[in-house]
Structures are given as structure tokens and as C-alpha cells.
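This report goes through a single chain by its helix packing, its sheets and a few local backbone features. The structure comes first, and the description follows.

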Amino acid sequence: MRTQLYIDGKWVDGNATMPVYDPSDGSVIAEVATAGEVEVEAALEAAHRAFPAWAKTAPRVRSEMLRKAFEIMTAESDQIATLISRENGKVFADAKGEVAYAAEFFRWFAEEAVRTPGDFRKSPSGDKRILVTHQPIGVSLLITPWNYPAGMATRKIGPALAAGCTVILKPAGETPLTALAIVDILERAGVPKGVVNVILPKPVGTIISKMLHDPRVKNLSFTGSTEVGRVLLHEAADQVIRCSMELGGNAPVLVFDDADVTKAVEGIMVAKMRNGGAACTAANRIYVQRPIAEKLTAELTKAMEALHMGAPLEAGMNLGASVSIKERDKIAGLVDMAVSQGGLVRTGGKVPAGAGAFYPATVLTVASDNEILKNEVFGPVAPIVIFDTDEEGIALANNTDFGLISYVFSGELGRSIRIAEAMESGMVAINRGVISDPAAPFGGMKQSGLGREGGFDGIHEFLETKYIGVEI
Ligand code: ADP
């Protein structure tokens, strides 16, 4: 297990250490190195120094390193999944799913590295030639959250390296071990020194702010809360640093009266319960049309009651622990608030006795103005609201500052697409509980973010477009 920082191709001690906990029992898994000013400066200098040669490295060479990283990560998926389960608390099956998703970003961007098309045209007036090319933007700061410690790291490192950028990764303090394991894989895949660096700065706010005021940093890719994202956008403004922001979500599910209820429940179970509900894409507000509301609520309650909650690495568990007691208590607080505002608990809703950051699968029925619907719950809680007309359902779903993803369940494709077009979100899932795919553009509208990761767009978060006008 790697516990040191990785700077300029070397594993180094930092200025101190901090503990990483197993949230299912509160035990300390490891002490990891933290970075002070000296380590941060070394990482900045290394990434800055390595950039020109990496940018000039043939795309095929960069591509093959990423492909190799995909292969190593796939071969070692059990070990990485175990590490994820231990530091994050999610069950092993979810962790294995995450490793497959995460490795796929290396494969997808290995393929994209050799396919960045340019453009060569005659100008409309015929006076010149328009030549458009793309160049790597430069040193990129990547900041990732704890909910997908592998997936969020590879979703940024993959396109950055494919584009020819060098990076400094700052993983979440709760889950740094997975990030260090991924960087160990990149080292073994042959990525040259200085191209990838990992730091864990303490205190995070002041050090990241200083980095965003350093002229060597050209790009920021952040995944985390809207609250922190907004602070970083302000910080990045002084140097006009390019920003890609994947922020919070408050995903609605709309189940229409012509939906197959059993299929909709299967979809909601995935959309709600993958990762124990700790996903920015997690179904957070379930709107059901009145004629099928009671049937859906009963079936969803039954499905939630059938889940087994327990230690993430124990066989047969479907729901692990939240990442920390603090996060678990946030979930419990939101449910208590919902109940105090008239919400009815159909199942769950109580913190279990014993150690560990556990919270049970919970179904609530609430009125459309219950404040739980305004909060990203980040846990296994499904609040259900009844609606009547399609217009009312659409308005309720869009009544949020967030706009990451929406889920639509209907038996008619035309109706589903009409609803999808009306959703104020960057992504819409139709009759499915999960649509995240490294080959598709992931990202949000409104306060859910800026930019897209994955798909054909992802690499462009790390490329500058350059237009060269040629006299003929
Ligand atoms: P979450 O709710 O998922 O924990 P956060 O936005 O708090 O989301 O954290 C996402 C990432 O941002 C983590 O790596 C965290 O350490 C980092 N972070 C938190 N506060 C700041 C800050 N002021 N400046 C830079 N990074 C921060």
C-alpha cells in the first residue's frame, strides 16, 4: 500500500502524516503523508518542467502508456476494489464496478489520444486559409472527491495525459490510498517523471488558493460540492485559469403512469442505491404520477427492505457504510427534518446501534415542498412525491438550482423524449438507472457545473484551440 506523496517520479515523505479511517468500524487503515509548501512547490516545478517534453511526446506513445495502465488496473482490480471498500465504505461489488469504470477512462482516452482532429478550410471570402489545431493547455490541477476515489481520478488523468498535459492530483483526504495506488499503476505503465504528481496539502484551502495564483498552473479540473466549486471559481478568476467543474446534483426521477412499474423500481434501485446513494448522479427526488404511486411506493419499499447492510467486504452485502460519521449524521439530520415537516417513513429512517457510519435504506413519502427535496442527500434515502399532470411533473423536476441528471420512466418513447428535452439537466436517463459511460459526455447545467468529462468532449477540457490564418 502506497502512503507517500508522488512528486517528480519519486515517492516522498511529506511534512507530516494524517490517518485514513475505515468508516465501517472507525479503525485507522494507514497514515499518509501530507504536503506543506515545500512539497507543493516541488510538485509545481516538476509538472512545469516535464510539460514541454510530454506535450511533444508522440500521441501514440502517450496512448500506449494509458492502454498499459488500463491493462494493469484491470488485472489488479480486486486489490484496488478492496482498497476502495476499506477507505470509502462502499460494498465490494460497488467497488469492483467502480474499478471497471475507472480503468475504462484509461482505455477510452488511450484511443482518443491519437484522434484529435483539426480543420483546414478556405475562408468564406476566399482571402485566406483557416487552419485550426489543438494544443495541450499545460499544468493541470485535478481535485477529486471521496465518493469515487478511482473513477474521478482516472476521468481527469486519462484525458489530461492523452492531451499532453502534466498534472498535480489532489485527492480527497478521506480516500487518498486509491489515488496513490492509481499513480503507482501509471508509474509502472511508464509515465515519465513529473507528468503525474500527487499531493495532499494541509491546510487545503490556503495551499490550493496559492496554487491557483501561481502562473505555472493553467487549468483546474474539480469534482466536488457546488459550495467549494464556487470558491475555486473565484480563486481561479484572478489568473483567468480555465476551469472544468463537476459539482453537486439533485437528480429527479419522473415515473409516468404508462411506465412498467417493476422495471422502474429496478431502475430506481440502481439510480438510488449504487454507491449507497453517495453519487452526484444519485436519484434524490422521486416523482410518481398518481395512478401508479401506491404500487411503486410499495414495490420500492419492498426492494429497499430486501437489501443487506453491513461491513463492505463481507459477502452478500448490498449497502456498506457512509464515508464518515459526519456524513452519516448529515443524512440522518435531513431525514429527521423531512419527518418534522410531515414526511412519512415507509422503511428505514433510524440510525442503527453500534460503531460504524451506517445508515439504512430509507423510503419516505413527502409533500412537494418538503425541504429534503432541496438538499443533495448523498445517502440511501428515497423521498417520493406524487404528481398529476406531465407539466406539473416537469416543473417539479426542474425546480432546483442543480442540473446534472434526470431519470425518466415511461412506456412511450415519444413522450420520454419530449420530457427529456424539457429537463434542465446535462444528462437524461430514459428507462435506465445508470448511464455514466466513459464514451459519453458527463456534466451538468445550472449550478451542477461547467464543461464535460468523457466522450469526445473530455479531452478538450485539456486542449486549447488554436486558429492559424494563412495568406494565400
Ligand atoms: P464533498 O462534499 O464530496 O466532500 P468537497 O467539495 O468538500 O466535496 O470536496 C471535494 C474536494 O475538494 C476534496 O478533495 C476536498 O479536499 C477539496 N476541497 C475542500 N475544500 C477545498 C478548498 N477550500 N480548496 C480546495 N479544495 C478543497
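In this predicted model, helix H3 passes helix H6 in a left-handed crossing. Helix H3 covers residues 77–88 and helix H6 covers residues 176–188, and the two pack at an angle of about 160° with their axes 8 Å apart. Since angles over 145 degrees count as roughly antiparallel, H3 and H6 are therefore described as roughly antiparallel to each other. On the H3 side the contact is formed by Ile80, Leu83, Ile84 and Glu87, which meet Pro176, Leu177, Thr178, Ala181 and Ile185 of H6. Sorted by class, the residues of this contact are 7 nonpolar, 1 polar and 1 charged.

From H2 the contact draws on Ser63, Leu66, Arg67, Ala69, Phe70, Met73 and Thr74, while H4 contributes Val99, Ala102, Ala103, Glu104, Phe106, Arg107, Phe109 and Ala110. The contact of H2 with H4 comprises 10 nonpolar, 2 polar and 3 charged residues.

| Helix pair | Angle | Axis separation | Residues in the contact by class |
|---|---|---|---|
| H3 and H6 | about 160° | 8 Å | 7 nonpolar, 1 polar, 1 charged |

A search of the whole structure finds 5 aromatic pairs. One of them joins Trp108 and Phe456, whose ring centres are 5.7 Å apart and whose planes stand at 50°, so the pair is classed as tilted. This pair links distant parts of the chain, with Trp108 in helix H4 and Phe456 in the loop between strand E21 (449–450) and strand E22 (463–471), the two residues being 348 residues apart.

Strand E22 belongs to an open sheet of 3 strands, which are arranged in the order E5-E6-E22 with antiparallel pairing. Its edge strands are E5 (119–122) and E22, each of which pairs on one side only, and neighbouring strands of this sheet are turned by 20° against each other on average, direction ignored. Strand E5 and strand E6 (residues 128–136) run antiparallel and are joined by 4 bridges. Within this pairing, Phe120 stands opposite Leu131 in E6, and Arg121 has Ile130 in E6 as its bridge partner. The hairpin of E5 and E6 has 5 residues between the strands, and Gly126 in this hairpin takes a positive phi near 80°.

The other sheet described here is also open and contains 7 strands, in the order E14-E15-E16-E13-E12-E18-E19, with mixed pairing. Strand E14 (344–347) and strand E19 (427–430) stand at the edges with a single partner strand each, so one side of each is left without a neighbour in the sheet. From one strand to the next, the twist averages 25°. Strand E13 (residues 283–289) and strand E16 (residues 381–387) pair in the parallel sense over 4 bridges, and Val288 stands opposite Ile386 in E16.

Which strands does helix H12 lie across? Helix H12 (residues 390–398) lies across strand E12 (251–255), E13 and E16, and runs at about 170° to E13. Helix H13 (residues 413–422) likewise packs on the sheet, where it touches E12, E13, strand E18 (405–409) and E19, and the direction of H13 makes about 160° with that of E19.

Two further backbone features lie in loops. The peptide bond from Lys202 to Pro203 is cis, with omega near -5°, and Pro203 lies in the loop between strand E9 (196–198) and helix H7 (204–211). Val240, found in the loop between helix H8 (226–237) and strand E11 (242–246), has a phi near 50°, which is a positive value in a residue other than glycine.

Technical notes
Residues are numbered from 1 along each chain as its sequence is written. This is a predicted model: local features need pLDDT of at least 70, side-chain atom pairs count only at pLDDT 80 or more; totals for chains, interfaces and linings use all residues. Side-chain values use heavy atoms; hydrogens and water are left out. Two strands pair if DSSP finds at least two bridges between them. Axes are lines fitted to C-alpha atoms, for helices over the stretch in contact, and angles run from 0 to 180 degrees between N-to-C directions. Contact means heavy atoms within 4.5 Å. Ala, Val, Leu, Ile, Met, Phe, Trp, Tyr, Cys and Pro count as nonpolar, Asp, Glu, Lys and Arg as charged, and the others, Gly among them, as polar. Rings of Phe, Tyr and Trp (its six-membered ring) pair if their centres lie within 6.5 Å; planes under 30 degrees apart count as stacked, over 60 as edge-to-face and the rest as tilted. Angles under 35 degrees count as roughly parallel, over 145 as roughly antiparallel, 65 to 115 as roughly perpendicular and the rest as oblique. A crossing is left-handed if the near helix is turned anticlockwise from the far one by less than a right angle, and right-handed if clockwise.
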